[in-house]
Amino acid sequence: MLKNHIKNKLNVMSGSRSNEQIKVISASLENELSKGSVSFMITSPQPSSDTAVISAKVAAAMAHQDKKILLVDGNVRMPLLHETFEVSNSTGLVDTLIWNGPEKMVKNEKETNIKGLFLLPAGEHRVSRGSI
């Protein structure tokens, strides 16, 4: 059910107020991209799907501008983005950092159904509460 909630909110081409705000954010990022590569993080102190929705929408908006985008799901406790984009979560960020090393990240990224948008899902190896 949460997957559909996020997928329904992903249409960045509709004229809603939040979508207009996403377009403003992506235009600002576009301006920064003209200076070189850009990395940024969207985070929240509260566990919710809102950061996943915002991250997915910004990434989709940037991909619609013919950019190659890598979206990383850093929510290893409750990953959602792999479900949103209907890709496997069998390998991902945790696997890259623990087993493969960052230089092999490309091995774990997945192509989404949006042209130019790739996802590095969180991966199945969960971090236990005691290890943080």
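L33 is found in helix 2, where helices (H or I, at least four residues) and strands (E, at least two) are DSSP runs numbered from the N terminus. This is a predicted model, in which local features need pLDDT of at least 70 and side-chain atom pairs count only at pLDDT 80 or more, while totals for chains, interfaces and linings use all residues. Residues are numbered from 1 along each chain as its sequence is written, and side-chain values use heavy atoms, with hydrogens and water left out.

**L33 and its surroundings**

- L33 is partly exposed, because its relative accessible area is 26%, where buried means under 20%, exposed over 50% and partly exposed in between (1.4 Å probe, protein chains only).
- Leaving aside residues up to four places away in sequence, L33 touches V38, M62 and K67, a contact being heavy atoms within 4.5 Å.
- L33 and K67 are 34 residues apart in sequence, and their C-alpha atoms are 9.7 Å apart in space.

**Helix 2**

- The 17 residues of helix 2 (residues 17-33) should span 24 Å at 1.5 Å a residue, and its end C-alpha atoms are 24 Å apart, which agrees; the expected span is 1.5 Å times one less than the number of residues.
- N19, I22, S26 and L29 are buried in helix 2.
- Seen down the axis of helix 2, the buried residues fall within an arc of 75°, so they line one face of the helix, the arc being that of the directions from the helix axis to the C-beta atoms.
- An α-helix has 3.6 residues a turn, so residues three or four places apart point the same way.
- R17 and V24 are exposed on the other side of helix 2, whereas the cover over the buried residues of this helix includes helix 3 (50-63).

**Two loop residues with positive phi**

- D66 lies in the loop between helix 3 and strand 1 (69-72), and its phi is near 60°, a positive value in a residue other than glycine.
- D66 counts as exposed because its relative accessibility is 68%.
- E86 is placed in the loop between helix 4 (81-84) and helix 5 (93-100), and its phi is near 55°, again a positive value in a residue other than glycine.
- E86 counts as exposed because its relative accessibility is 51%.

**Residue L97**

- L97 lies in helix 5, and L97 counts as exposed because its relative accessibility is 55%.
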